[in-house]
Amino acid sequence: MNGPVPNKMYQIKPVFCLPDSLEIASNMYKMKNIHNTSFQASNSVKEENTVALEKTPKNEYDDIHKRQKIILQQLTDLQNQMSLFRNRLSSEKVLPVKNSASVPDIKPNSPTMKPSFEQGGVIYDIVINANPNHPPYSLLAINTLWGNKLKMRVTTHFHSTISTIDKVDELFQVLQDNNNNGCNSSSLNITLVWKETGPDCELIISPLHHTAIRGEVNLLRYLERHLSPVDSQDAIAATRLDSLLDRCHCLRHATTAKEKKSIVKALNAALGKGAWIGGTKEMGVADVALWSVLRCDRELELTQSLTKWVERCNGAIGIGA
Amino acid sequence: MGVENIQPEDQQAKSKKQQKKEAKDAVKAAKKEERKSAADVSVVEEKDVSTGKYGNLSFTECVAGLESYVDVKNLTPELKDKTVRLRGRLHTSRAKGKQCFLVIRQQFHTVQGLCAVNDSVSKQMVKFVSNITKESIVDVLATVVTVKAKIESCTQKEVELHVLEAWVVSAAKSQLPLLIEDASRPVKDDNDEEETEGLNIRVSQDTRLDNRVLDLRTPANQAIFRLEAGVCRLFRDVLTGKGFVEIHTPKIIGAASEGGANVFTVSYFKGSAYLAQSPQLYKQMAIAADFDKVFTVGAVFRAEDSNTHRHLTEFVGLDLEMAFKRDYHEVLDTICDMFTALFKGLRDEFAGEIAAVGRQYPVEPFRFLQPALKLEFPTAVSMLRQAGVEIGDEDDLSTPNEKLLGRLVKAKYDTDFYVLDKFPLAVRPFYTMPDPTNNKYSNSYDVFMRGEEIMSGAQRIHDAEFLTKRATEHGIDLEKIKAYVDAFRFGCPPHAGGGIGLERVVMLYLGLDNIRKTSMFPRDPKRLAP
């Protein structure tokens with residue numbers, strides 16, 4: 001009917017009609033037709049990539065190279081240091097005692113006179129808790145011992161556990177009076193608290209980082225380690241001093257007369273014919289420690305040379321018997 | 001028909017049943033009657049030997065007899081075999097056959113009494129005594145008897161009373177909203193709770209406050225408010241001894257002091273007025289009027305809608321202000337001395353009260369140093385930094401930091417009381433005097449108890465011009481503070497001062513957990529009664 005259509009077949013209606021133009025749904029991302037990309041096109045992309053790689057600034061590669069070099073350099077430095085240390089340590093092992101002077105090198109403290117008390121301009125606040133029945137008399141001698149190195153500032157308080165104040169020895173008033181002699185800047189602030197503690201006084205530096213240091217001799221030991229010039233810390237002398245201080249501690253805690261007698265005897269031997277117990281030219285820490293113990297326990301029987309020594313101490317510290 | 005037929009039968013049956021029942025009842029009644037009459041007979045036979053020795057007193061009557069009254073706390077073995085008369089509250093009573101044990105309480109002292117049938121005490125009297133309601137006020141005539149085994153449940157452990165006469169002076173309702181026994185039960189840690197045997201009834205804070213009259217009768221509360229009175233008296237005594245003058249300042253004020261926030265507005269005839277937030281201005285005016293050293297004790301009002309353990313809307317303020325000659329540390333030293341004298345007085349004079357509170361609440365003894373420990377703000381900052389807190393030089397202390405600092409100070413110096421001096425100027429009010437040597441800091445101080453701030457004080461600017469300048473720097477409307485500034489126009493000596501809240505001091509001294517425990521009738525945003 002419509003044009004030249006062979007009449008052999010029936011004419012049928014088309015099953016469906018395609019619209020003239022297809023409407024593509026807009027609710028999807030549009031993508032490139034992958035079938036249209038030819039092999040050549042992909043080739044050009046590859047070329048572009050290599051070009052781009054070549055084009056990146058060379059200094060980035062250089063930077064990485066430099067960094068690597070630096071790291072390698074640091075590593076070799078470290079290696080060298082380690083070998084140095086190894087040499088030194090092995091040599092120490094051979095001669096442990098004689099070479100002990102090199103030990104302080106490892107210590108973080110520089111060999112200045114007042115190492116840790118003035119770090120970063122921080123004034124050290126320490127608290128000393130003392131029992132008025134067992135006063136730590138050695139505090140009175142701190143100025144004599146380290147007066148040139150240490151500027152102290154002492155404030156005295158009474159803790160609420162003590163009901164009567166008048167018990168405390170008036171001698172300690174001197175400590176507070178000394179505050180005014182020095183200038184305003186002090187390197188060590190001591191808060192002396194009279195408190196119901198045991199016979200041992202307590203030294204609290206920082207409750208966060210340390211436990212309390214108990215015992216008068218340990219207080220002295222702590223100050224001594226911090227204040228004495230490092231090069232004088234000869235291991236043998238230090239051990240000797242430690243044992244003397246321990247003896248003083250034992251004497252304070254001795255209960256029987258026999259015990260006391262034997263310690264006094266030993267200390268008398270340590271004094272020998274010298275002027276001071278430590279065998280030093282000046283009054284030392286051991287002298288102060290023993291002097292304090294003897295002052296607390298006046299009924300102790302002393303030898304003649306010790307009695308003389310006590311007088312010498314009194315004179316040096318500037319306190320009458 | 002059938003139904004009608006049944007009825008009479010039923011009636012008959014019912015009446016039969018009824019008859020039976022009635023008969024039974026009659027027998028019962030007869031028996032009862034019999035018993036009753038028998039009892040009557042016995043009463044008649046046994047004649048009450050104690051008549052005139054017990055009963056309810058009408059409120060116009062008083063007990064006959066010439067014996068003077070004895071206090072429970074004075075009942076000691078020394079009074080053995082003596083006859084004493086005493087008035088107290090019936091704490092508990094327990095009847096057991098022919099005897100009745102009772103505990104008589106006077107404030108925090110208790111004594112055990114025994115009322116047993118004997119020649120002079122009749123069954124009726126024992127019955128009467130055992131029926132007296134708890135918390136009633138009773139008058140008792142009794143013989144003091146020493147006991148072999150100590151009575152652990154009473155404060156007077158060595159004696160008991162054998163009751164001869166018992167009179168009820170004022171009876172309490174039989175139903176009490178809370179029992180004193182429950183309200184005074186020791187507070188224990190939650191961990192211990194499971195281990196404790198028997199009852200562990202607790203009275204909630206609200207029930208306590210709603211029935212404050214009953215709650216206040218517990219030994220701990222008796223002690224707390226005696227101690228509070230002690231704080232007030234010691235504050236007065238110490239300062240009067242130092243030459244201070246007590247002044248009274250108005251509580252109704254026309255202009256809002258201290259900035260104007262947190263004040264209560266009240267109607268005042270045709271206008272409105274405010275309730276005083278702080279007596280500071282009046283203290284300072286007294287200084288300007290040449291009173292030299294003044295203190296005041298009085299109510300202070302804060303309209304802060306904060307429901308915390310340490311805020312009240314009305315509390316008792318203890319304030320002091322003092323002129324000085326050279327340095328404001330004169331004032332700070334006076335304040336420190338006042339506090340240490342206060343704590344010493346409490347420690348020495350109120351040991352019994354503190355122990356009584358300790359029996360109910362866990363109380364750690366308050367530790368302090370004399371003279372008080374004074375730290376400077378930069379020291380506190382470095383202490384906090386050592387503990388790992390990040391804080392700037394001029395930052396104010398936050399509440400957690402305050403608490404932490406309190407713990408650090410306690411660990412190092414073993415003191416619950418300390419003073420922090422030289423606060424940064426930036427965090428203080430405009431009237432604070434800057435430090436003349438370092439304008440970053442100010443001549444101001446905070447006082448801490450158990451890590452909580454209780455007093456915030458400072459040297460005040462006493463020059464009107466400088467005050468105006470500082471107020472402008474703080475961006476404060478000059479019109480609002482005109483009265484304050486004008487007070488200094490006629491010459492005023494340099495002065496400093498501070499104030500504390502009585503309730504808060506008592507709370508922290510005893511280490512209690514809530515300020516409502518130390519206010520007799522607390523006022524907070526949610527409570528106006530009783």
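Predicted model: local features only at pLDDT ≥ 70, side-chain atom pairs only at ≥ 80, totals over all residues.
Which residue of β10(B) does Thr265(B) stand opposite? The residue is Tyr274(B).

**Sheet in chain B**

- Three strands of chain B form an open sheet in the order β8-β10-β9, and their pairing is antiparallel.
- β8 (252-253) and β9 (265-268) of chain B are the edge strands, each pairing on one side only.
- Four bridges join β9(B) to strand β10 (residues 271-275) of chain B in the antiparallel sense.
- Thr265(B) and Tyr274(B) face each other across β9(B) and β10(B).
- In general, strands of a sheet pair through backbone hydrogen bonds, in either a parallel or an antiparallel way.

**Contact between the chains**

- Chain B puts 15 residues into the contact, and chain A puts in 12 residues.
- On the side of chain B that touches chain A, the elements giving two or more residues are α9 (329-349), β13 (369-370), α11 and α12 of chain B.
- The most comes from α12(B), which gives three residues to that side.
- By class, the residues on this side of chain B are eight nonpolar, three polar and four charged.
- Strand pairing also links the chains: strand β2 (residues 152-159) of chain A and β13(B) pair in the antiparallel sense over two bridges.
- Within β13(B), Leu369(B) is the bridge partner of His159(A).

**Helices α11 and α12 of chain B**

- Helix α11 (residues 377-386) and helix α12 (residues 399-413) of chain B have axes that come within 10 Å and cross at roughly 90 degrees.
- Because angles of 65 to 115 degrees count as roughly perpendicular, α11(B) is roughly perpendicular to α12(B).
- From α11(B), the contact uses Ala380(B), Met383(B) and Leu384(B), while α12(B) supplies Asn401(B), Leu404(B), Leu405(B) and Leu408(B).
- Six nonpolar residues and one polar residue make up this contact of α11(B) with α12(B), with no charged residues.

**Nonpolar cores**

- The largest nonpolar core has 134 residues, and Ile128(A) and Ala289(A) touch the most other members.
- Beyond its neighbours within four places in sequence, Ala289(A) is in contact with Ser138(A), Glu216(A), Val217(A), Leu220(A), Leu245(A) and Cys248(A).
- A second, separate core has 27 residues, including Val72(B), Leu75(B), Cys115(B) and Val138(B).

Notes
Residues numbered from 1 in each chain as written. Chains lettered and ligands numbered in written order. Axes fitted to C-alpha atoms, helices over the stretch in contact; angles between N-to-C directions. Parallel < 35°, antiparallel > 145°, perpendicular 65-115°, else oblique. Contact = placed C-beta atoms within 7 Å. Nonpolar A, V, L, I, M, F, W, Y, C, P; charged D, E, K, R; others polar. Core = buried A, V, L, I, M, F, W, Y, C linked by C-beta atoms within 7 Å. Buried ≥ 20, exposed ≤ 12 C-beta atoms within 10 Å, placed from the backbone. Pairing = 2+ DSSP bridges.
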